Amino acid sequence: MKHTIISIIFIMLLSVCTYAQDDYSKEPGYFDFGDLSVFEKGDGVTEVFLESNILQMVSAVTEDEEPELSAMLNGLKLVKVNVFEVSDKNEKGITSKIDDLDKKLVSQKWDRIVRSRGGDENVNVYIKTSGKTDIQGLVVTTLGKNDEAVFVNIVGSIDLKKIGKLGAKFDIPSLDKIDKQ
Amino acid sequence: MLEAISYKVLVDRYKNKIFSYALYMVKNRMDAEDVAQEVLIRLWNNMGKFRLPAAGSWIMRTTHNLCIDYLRRNQVMQQRSIFIDEESEERIIDTDKGNRPEIKTQQNITLDRIKAAVQKLPENLKSVFVLYEIEGFKYREISTTLEIPINSVKVYLLRARKKLQEDLKEYATQA
Amino acid sequence: MQHKRENIDERILEKIISVAYNDAGLLDKIKIHLLAGGKNPDVKKILEEYKRTAIKIKNIPLDECPDSVIESLRIQTRNENKSLFLKPAYIFAIITFIISTIIVVTLNQNNEEKPHYTKAEIELAEKQVKESLAIVNNVFKRTETLIQEEIFPKRIGKPIHKSLSIINEVLIGG
């Protein structure tokens, strides 16, 4: 009887895992920002949405020249970035959205590791962990007054140190906007 | 089912008292939220292990003990806050920098200033003061919560009131 | 407190404070009010000072517990009804269902088309990934400065909260 039950549980888990392989929305590190289209007015709108398939492609292509980037991308399931230009018209709406997202993230058991308010910029950083040290998701929301609002969600097996290191490597000061796909 | 209903009633009745008390004791919202959450989890896990009329004392004793644990563990880090809320820090620290139009006399001491003065009280006086004056518990309940004699409750309360008055008087004369 | 306390002994002061905070007995209330009204003007002054503070104290509202604390509670109820699902007929039905699911899923997967990307699309994606990482790094850099200057003047010996240990390790390198 015991073996039967264990076999059933194992088979159920296997079938669930197999079926859900490409569905990133079920990943613990995924976060739905909801409808951001209301802020998509004006020229300063950019969006990045890279799913597992394309990330694997980039990982394969960069394996020789950028092995660290390649290794990091191999563990990711989704990279999602939205950038909006902030003006007097939409600043309140974006601030309110960020506050709502904050409450939602905390209620979904995301760890808020940084929250900075005041001066010219509001910054929030959240992580979703599995176990003691495994980070499965990263969310960043920033609002610079009369500048830009940024919403980032990275899903997958994340090493914050590596993200920081690689990000510093690719941080080109002259870069203004991300090309729209 | 009955337990779930009782739990809900207790949560509704005590959640703000738990959070307020924790906030006064640990002095930052993040830890206060952690304490409040832990108390409510423990409350659920212990439903049925205490008589409902004694629930208030049990809840506040658990809250108090968790706060003490936090304070002991975080002694070095009491001043830190991951929440760099510059505006709120200015609100608490900056009330005497002429940002408000009121005349600075004893009669116009702001609520924030009083709360800051309460926060500055020594732990043993603060816990009695907050439970009695702000949360409305009686001497006997406080005695059970903090596991101290009723006479000690009265003495601590008196000392807290005096210390508070001195602190606020000093603030008013400096302003 | 620089009142003229010479005329007021400690016992009287205690009674004044109790009256001001409205938890004195009736006799004490009468005694203090008589003193305040007539013979001792210092009593009146001290009483009024304490009363003003007491009124403000009584008006301090409770801080509201954030909804997020309540929403994050997970109440686990125990379901002690085990017996039903151990009957052989149910086990057979469950196994059949599971095997059918596996067959359907496997067939479905084999029929899925893998997406094809052009070289240009892959190059664009590579650029976007790098730019996304740069954005995140920018945030970390700004935050690191804030944390180092405002919060952590010294390295933490043994962080307790999980977030602190991550910040300490990643952003400051402690």
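At what angle do the axes of helix 2 (residues 29-45) of chain B and helix 3 (residues 55-73) of chain B cross? In this predicted model, the crossing comes out at roughly 135 degrees, and the two axes come within 10 Å. Angles over 145 degrees would count as roughly antiparallel, so helix 2 of chain B and helix 3 of chain B end up oblique to each other. As for handedness, helix 2 of chain B goes past helix 3 of chain B in a right-handed crossing. On the helix 2 side, the contact is built from B:Asp31, B:Asp34, B:Val35, B:Glu38, B:Val39, B:Arg42 and B:Leu43. Helix 3 of chain B answers with B:Trp58, B:Ile59, B:Thr62, B:Thr63, B:Leu66, B:Cys67 and B:Tyr70. Sorted by class, this contact of helix 2 with helix 3 of chain B holds eight nonpolar, two polar and four charged residues.

Now for the rest of chain B. Its secondary structure amounts to eight helices and one strand, laid out along the sequence as α-α-α-β-α-α-α-α-α. Of its 175 residues, 53% count as buried. Taking the contacts in chain B with a separation of 6 or more, 68% are between residues 24 or more positions apart. The chain exposes about 8900 Å², and 48% of that is supplied by carbon and sulfur atoms.

B:Asp167 sits in helix 8 (residues 150-174) of chain B. Its relative accessible area is 13%, and because the cut-off for buried is under 20%, B:Asp167 counts as buried. Setting aside neighbours within four places in sequence, B:Asp167 touches B:Arg113, B:Ala117 and B:Lys120. B:Tyr139, in contrast, belongs to helix 7 (residues 139-146) of chain B and is partly exposed, at 23% relative accessibility. With neighbours within four places in sequence again left out, the contacts of B:Tyr139 are B:Tyr132, B:Ile150, B:Val153, B:Lys154 and B:Leu157, plus C:Asp23 from chain C. The C-alpha atom of B:Tyr139 is 9.4 Å from that of B:Pro149, a residue 10 positions away along the chain.

Over in chain C, helix 1 (residues 10-20) and helix 3 (residues 41-58) make another packed pair, with axes that come within 8 Å and cross at roughly 40 degrees. Roughly parallel would take an angle under 35 degrees, so helix 1 of chain C and helix 3 of chain C are oblique to each other. Their crossing is right-handed. Helix 1 of chain C brings C:Leu13, C:Ile16, C:Ile17, C:Val19 and C:Ala20 to the contact, where they meet C:Val43, C:Ile46, C:Leu47, C:Tyr50, C:Lys51 and C:Ala54 of helix 3 of chain C. The tally by class for helix 1 against helix 3 of chain C is 10 nonpolar residues, no polar ones and one charged.

Chain C also reaches across to chain A. C:Arg142, found in helix 6 (residues 119-151) of chain C, counts as partly exposed at 31% relative accessibility. Once neighbours within four places in sequence are left out, C:Arg142 has contacts with A:Glu121 and A:Thr142.

Of the contacts in chain A with a separation of 6 or more, 61% are between residues 24 or more positions apart. The accessible surface of chain A is about 9500 Å², with 51% of it belonging to carbon and sulfur atoms.

Within chain A, helix 2 (residues 52-61) and helix 3 (residues 67-74) pack at about 155 degrees with their axes 8 Å apart. That angle makes helix 2 of chain A roughly antiparallel to helix 3 of chain A, given that the label applies over 145 degrees. The crossing of helix 2 of chain A past helix 3 of chain A is left-handed. A:Leu55, A:Gln56, A:Val58 and A:Ser59 of helix 2 meet A:Ser70, A:Leu73 and A:Asn74 of helix 3 in chain A. This contact of helix 2 with helix 3 of chain A splits into three nonpolar, four polar and no charged residues.

Terms used: Residues are numbered from 1 along each chain as its sequence is written. Chains are lettered from A and ligands numbered from 1 in the order in which they are written. This is a predicted model: local features need pLDDT of at least 70, side-chain atom pairs count only at pLDDT 80 or more; totals for chains, interfaces and linings use all residues. Side-chain values use heavy atoms; hydrogens and water are left out. Axes are lines fitted to C-alpha atoms, for helices over the stretch in contact, and angles run from 0 to 180 degrees between N-to-C directions. Helices (H or I, at least four residues) and strands (E, at least two) are DSSP runs, numbered from the N terminus. Angles under 35 degrees count as roughly parallel, over 145 as roughly antiparallel, 65 to 115 as roughly perpendicular and the rest as oblique. A crossing is left-handed if the near helix is turned anticlockwise from the far one by less than a right angle, and right-handed if clockwise. Contact means heavy atoms within 4.5 Å. Ala, Val, Leu, Ile, Met, Phe, Trp, Tyr, Cys and Pro count as nonpolar, Asp, Glu, Lys and Arg as charged, and the others, Gly among them, as polar. Accessible areas come from the Shrake-Rupley method with a 1.4 Å probe; for residues, only the protein chains shown count as cover. Buried means under 20% relative accessible area, exposed over 50%, partly exposed in between (1.4 Å probe, protein chains only).
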